[in-house]
Amino acid sequence: MLLAGQIGEGPATPCCSETADGERKNVEEKSDSIAALAGDEQVSEGTDHGDLRSYVSAFIEKEVGNDLQSLKKLDKLVEQMTESKMQLEEQVLTISSEIPKRIQNALKNAEESKQFLNQFLEQETHLLSSIDRHLLTAQPWMEDLGAMINQIEEIERHLAYLKWISQIEELSDSIQQYLMTSNVPEAASTLVSMAELDIQLQESSCTHLLGFVRATVKFWHKILKDRLTSDFEEVLAQLHWPFITPSQSQTTGLSRPASAPETQANLETVFCQLLKLQTSDELLTEPKQPPETCSPPASTSVLLPIQVMLTPLQKRFRYHFRGNQQTNVLSKPEWYLAQVLLWIGNHTQFLDEKVQPILDKVGCAVNARLEFSRGLMALVLEKLAADIPCLLYDDNLFCHLVDEVLLFERELHSVHGYPSTFANCTHILSEETCFQRWLTVERKFALQKMDSMLSSEAAWISQYKDITDMDEMKVPDCAETFMTLLLVITDRYKSLPIASRKLQFLELQKDLVDDFRIRLTQVMKEETRAPLGFRYCAILNAVNYISTVLADWADNVFFLQLQQAALEVFADNNTLSKLQLGQLASMESSVFDDMINLLERLKHDMLTRQVDHVFREVKDAAKLYRKERWLSLPSQAEQAVMSLSSSACPLLLTLRDRLLQLEQQLCFSLFKIFWQMLAEKLDVYIYQEIILANHFNDGGAAQLQFDMTRNLFPLFSHYCKRPENYFKHVKEACIVLNLSIGSALLLKEVLQSAPGQPPATAALNEVGVYKLAQQDVEILLNLRTNWPNTGK
């Protein structure tokens, strides 16, 4: 490599000295120029002199290298570097000349801004002093002007006040003139305008004006209402209103006198005129507060003409059921409830055919029949609110009242289409004191019913025992009666308007289920000495039936809605974990899950006890069969016909008798679980205690297979198509023990050569062994005594 200090040295080859000196001089000049340019650039970057020399050396090494022919590039490099140097110098000169100018301009602008600011401050001071002087001068004028404005506003308020009074008096005079000319419709329309003015003034603080307007509206409303009511009552009297009996309703509705069209026209006229007074009637009539113990939904007052139509019925109701008449008896709530339903039914046709068209004609979106029912319902609520406090501490009377009220509500909604959103009797029953008493009475009578049903002689007998199609569940009478009791309770509280009340009833039902489960458990413990007995099986059927019904109820729409309501309540109270709340929200669990789990646990324990009992009997009966001499039994070829081992007869007879007994006493689903559990235990028992505990010759293996496949397995063929699938250990053990000698030797060789490998598994599967492990098969092969003598 040629360094910067070595470029001036001549080449090793001989040449003309003059030429060499010229080239050396030229190269030295160019090198100095490059070094100067490179040095300037490097200095601008803050490097020292040593770094400059190394930078120049590296630059020449990069551009020239060891090839002297590339020295021709030096001219171009010098030109480029010179040009770059000139550009940098120009930029430096430009910047150094422009910056002072910019600084000077900025200073000049700052000075000008400062001058402007000072001018503005002087102007501000001057303006402030001018404003202060002006305010001082104008202050007396402002006070005088304010007083005048207040006087003007006061005069305007007085003028407006007088205008309102004048307007009301004008309307009042108009009503008077219309009444003097017997123009009742216009008088009623004018009263509507006056009532609207009253409504507009509701937010006013002028109490005297409000009182004046209200008194004027009340004055004319009473006059018009009395007059129109009298006219309306005359029209109704012509129609023989009210219809007390069904026959009267039919007669009045079907056979009309000749003047029926005129009467209908009068009815429509007066009805519409009364309807115009509805606004003022609602304005004047203070809303009748429901009993403090009740919280029905808010509702408007009944239409005025319907109120007039209800008046005679209200008088009859109060006369018969609120006075000293013999019909007012606390123990007979059904009398007044039935009377109200009768009145609704008697007047339905007239209301639908004669009154509803009038409402439709005037554009009133009210159902006449429902409005009439709502008015009668107010009488019932008033009566209930008065009677319930007198019945709270008489369980029988209170329970009877609740029953009658619920029946009344059911018919009112189903037959007469009364909406559940209207005020009804369940709102009074949902009141705290009444509701808690209802819960207490419901629990008391339910527990009494449970005592009586469990102590009955027919408690454990199915009502449908003689009807095969209806006795699939083999439900004892006590369990069916108990679930009917729960169903009745559900029907009773189903229509309650408040979800929290329904949830309290649901908790009552769950408590009753738990109480009944405990009682069943107590009776079951008394029967544990005879787990195959009739009563024990009946208890098991009862537990299964209750669990099944509760699981069905969990999918019912009503209980799903309760589950959603319970989710909201639990989330607010933080009574459940996030996992439990998630399970409720995703419908993975139900409101009855706790009860179902307890019942299922009881069912499993009872079934296990039965299976263990039968299994012990079977083991006792199998003692002789276990001691069978499987080594010395004759081969199949030596017997004319294979027959069941005599020692197996007690085992199979015991098993058959118990299966038949429990099939008759348990319902199908329970018996299926029973025999499958028993089959599983038998399979393991025979495999471990009989097969693995003995050695087998050809005859013994064949006899075992005959006993199992032709006698034991068929006992279970009545309950499934392939019973051998429930005895896989025994079935596969028989297969291994009865393999031909060649197949057994080949299988044994494969198992020994490839233990735990796919070939061994494939060989086992080929002979029909899937359940047993390879080690078990090797043990079974060693139990065979018919191996050929190989001389080893």
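**Contacts, helices and buried residues**

Analyst: Happy to! In the protein, 75% of the contacts with a separation of 6 or more are between residues 24 or more positions apart. Keep in mind that this is a predicted model.

User: Good to know. How many helices and strands are there in the protein?

Analyst: The protein has 28 helices and zero strands.

User: And what share of the residues counts as buried?

Analyst: Of its 792 residues, 39% count as buried.

User: Let's look at some helix packing. At what angle do α3 and α5 pack?

Analyst: Helix α3 (residues 74-180) packs with helix α5 (residues 207-238) at about 10°, and their axes are 11 Å apart. Angles under 35 degrees count as roughly parallel, so α3 and α5 are roughly parallel to each other.

User: Nice. Which residues in α3 and α5 meet?

Analyst: On the α3 side they include Tyr 161, Trp 164, Ile 165 and Ile 168. On the α5 side, Phe 212, Val 213, Trp 220 and Ile 223 are among them. By class, the contact of α3 with α5 divides into 12 nonpolar, four polar and two charged residues.

User: What about α12 and α14, at what angle do they cross?

Analyst: The axes of α12 (residues 395-414) and α14 (residues 432-455) cross at roughly 105° and come within 10 Å. That angle makes α12 roughly perpendicular to α14.

User: Who makes that contact, on α12 and on α14?

Analyst: From α12 you have Asp 395, Asn 396, Phe 398, Cys 399, Val 402 and Leu 406. From α14 come Cys 434, Arg 437, Trp 438, Val 441, Lys 444 and Phe 445. The contact of α12 with α14 has eight nonpolar, one polar and three charged residues.

User: Changing topic: is Arg 501 buried or exposed?

Analyst: Arg 501 counts as buried, because its relative accessibility is 11%. You'll find Arg 501 in helix α16 (residues 499-526).

User: What lies 2.9 Å from a polar atom of the Arg 501 side chain?

Analyst: That is the backbone oxygen of Ser 430. Leaving aside neighbours within four places in sequence, Arg 501 is in contact with Ser 430, Glu 431, Glu 432, Phe 435, Gln 436 and Leu 496.

User: And Gln 703, where is that found?

Analyst: Gln 703 sits in helix α24 (residues 698-715). With 6% relative accessibility, Gln 703 counts as buried.

User: Which side chain does the side chain of Gln 703 make a polar contact with?

Analyst: The partner is the side chain of Ser 645, at 3.1 Å. Not counting residues up to four places away in sequence, Gln 703 also touches others, including Trp 630, Leu 633 and Met 642.

User: One more glutamine: which helix is Gln 563 found in?

Analyst: Helix α18 (residues 557-573) holds Gln 563. Gln 563 counts as buried at 1% relative accessibility. Its C-alpha is separated by 9.4 Å from the C-alpha of Ser 589, 26 residues apart along the chain.

User: Last stop, Val 340. What is Val 340 in contact with, leaving aside its neighbours within four places in sequence?

Analyst: The contacts of Val 340, with those neighbours left aside, are Phe 317, Leu 376, Val 380 and Phe 408. Val 340 belongs to helix α10 (residues 333-361), and it counts as buried at 1% relative accessibility. Between Val 340 and Leu 412 the C-alpha to C-alpha distance is 9.7 Å, with the two residues 72 apart in sequence.

How values were computed
Residues are numbered from 1 along each chain as its sequence is written. This is a predicted model: local features need pLDDT of at least 70, side-chain atom pairs count only at pLDDT 80 or more; totals for chains, interfaces and linings use all residues. Side-chain values use heavy atoms; hydrogens and water are left out. Axes are lines fitted to C-alpha atoms, for helices over the stretch in contact, and angles run from 0 to 180 degrees between N-to-C directions. Helices (H or I, at least four residues) and strands (E, at least two) are DSSP runs, numbered from the N terminus. Angles under 35 degrees count as roughly parallel, over 145 as roughly antiparallel, 65 to 115 as roughly perpendicular and the rest as oblique. Contact means heavy atoms within 4.5 Å. Ala, Val, Leu, Ile, Met, Phe, Trp, Tyr, Cys and Pro count as nonpolar, Asp, Glu, Lys and Arg as charged, and the others, Gly among them, as polar. Buried means under 20% relative accessible area, exposed over 50%, partly exposed in between (1.4 Å probe, protein chains only). A polar contact is a pair of N or O atoms within 3.5 Å; within protein, one must be able to donate a hydrogen and the other to accept it, and residues adjacent in sequence count only if both atoms are side-chain atoms.
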